[in-house]
Amino acid sequence: MPQDVKGRRLLPRYDEPVSQLTPRPELEPDFRDYEPIQPRGTDWRELGRKIWAPFAAIGAFIAKFGVGILKYKFLLGLFISFGAYLWFGGIWFAVGLIGLIFVHEMGHWLEAKRQGLPVSAPLFIPFLGASIFLKEQPQSAWHEFQLAIAGPLLGSIGALAVYGVGVAEDSNRLRAIAFLGFFINLFNLLPVVPLDGGRIVTAIHPALWVLGLLALLGLVLYRPNGILVLILVFAAMELWQRWQTRHFAGAKAYYSVKPWQRLVAAVSYFGLAALLVVGMHATHVPHHF
């Protein structure tokens, strides 16, 4: 402790520097201008703008071309679906998903035309995919099988084409889109109505509906999802309706399938499912849409 000339202890003054950590006078202005960085919370305004942007674009488009769009339900559903997928995963996700769903539905449409059934254009349903609507039902379970498998078959070919271009261009983005296509078509093979798989297995054995329903129920319990729950409800209702009408006049003839037709349906169904699993394995890459 320092002392003065009389031997008294000197106490440090707190208005003077007492260590090297005290800023020098020439640095004081910089320290006075310093403001500590404050943590930022959620920018709700920016988040709101991101959520609102696609819907605002949709509204502006409808306001400008509303009469024409509302006249054509295909364009309306397509535009709304594109905006929803764009908001969910970006431009490439939206383009890829819309294109693959359209190719899938065109498989059903072309087969319906081949069978001479009056059919609507594919109608896009946001977050649920798309669908065609028939004014007449197929003549038999065999015709229903042909109509149902045409969608996943053509959709898988479309995904395979995207994969081929992705390999040629060495593009992980195209591989990821192909993976999405393989997955969509494989999911549609789940043997429950209203999915394609439920209509396909009509020509194999109706008991597969029960197995499909139990599998879907297990999936809902394992990974709860609103869309899966909706499909489960529709599947249960359809299964109950078909069970009640099994003894109606004409039902026996409708579900009557020749052995060779049953074999073709089984090989096509399980073979396509296996190929789609292989396709998903080949195109599995980190997905960043």
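Trainee: Where is the place of G212?

Mentor: G212 is in helix α8. Helices here are DSSP runs of H or I with at least four residues, strands are runs of E with at least two, and both are numbered from the N terminus. Please note that this is a predicted model, in which local features need pLDDT of at least 70, side-chain atom pairs count only at pLDDT 80 or more, and totals for chains, interfaces and linings use all residues. Residues are numbered from 1 along each chain as its sequence is written, and side-chain values use heavy atoms, with hydrogens and water left out.

Trainee: Is G212 buried or exposed?

Mentor: G212 counts as buried because its relative accessibility is 1%. Buried means under 20% relative accessible area, exposed means over 50%, and partly exposed lies in between, with a 1.4 Å probe and protein chains only.

Trainee: And what does G212 touch?

Mentor: Leaving out residues up to four places away in sequence, G212 touches P191 and V192; contact means heavy atoms within 4.5 Å. G212 also lies 6.3 Å from L190, C-alpha to C-alpha, although the two are 22 residues apart in sequence.

Trainee: Which residues of α8 and α9 make the contact between them?

Mentor: First the geometry: α8 (residues 207–222) and α9 (residues 226–244) pack at about 155 degrees, with axes 10 Å apart. Axes are lines fitted to C-alpha atoms, for helices over the stretch in contact, and angles run from 0 to 180 degrees between N-to-C directions. The pair is therefore roughly antiparallel; that label applies over 145 degrees, with roughly parallel under 35, roughly perpendicular from 65 to 115 and oblique for the rest. The contact residues include W209, V210 and L213 of α8 and L228, I231 and R242 of α9.

Trainee: How many of the residues in the contact of α8 with α9 are nonpolar?

Mentor: The contact has 14 nonpolar residues, no polar ones and one charged. Ala, Val, Leu, Ile, Met, Phe, Trp, Tyr, Cys and Pro count as nonpolar, Asp, Glu, Lys and Arg as charged, and the others, Gly among them, as polar.

Trainee: Now α5 and α6. At what angle do they cross?

Mentor: The axes of α5 (residues 141–169) and α6 (residues 172–187) cross at roughly 165 degrees and come within 8 Å. So α5 is roughly antiparallel to α6. Among the residues that meet are G151, G155 and A159 in α5, and A178, G181 and F182 in α6. By class, this contact has 11 nonpolar, six polar and one charged residues.

Trainee: Which residues touch the most other members of the largest nonpolar core?

Mentor: They are F145, F182, L189, I200, I204 and Y269, in a core of 27 residues. A nonpolar core is a set of buried Ala, Val, Leu, Ile, Met, Phe, Trp, Tyr and Cys residues joined through side-chain atoms within 4.5 Å. The elements giving two or more residues to this core are α5, α6 and α11 (259–282), and α11 gives the most, with seven.

Trainee: What does F182 touch?

Mentor: Beyond residues up to four places away in sequence, F182 touches S156, A159, L160, L276, G279, M280 and T283.

Trainee: Finally, how many helices and strands are in the chain?

Mentor: The chain has 11 helices and two strands. Buried residues make up 34% of its 289 residues.
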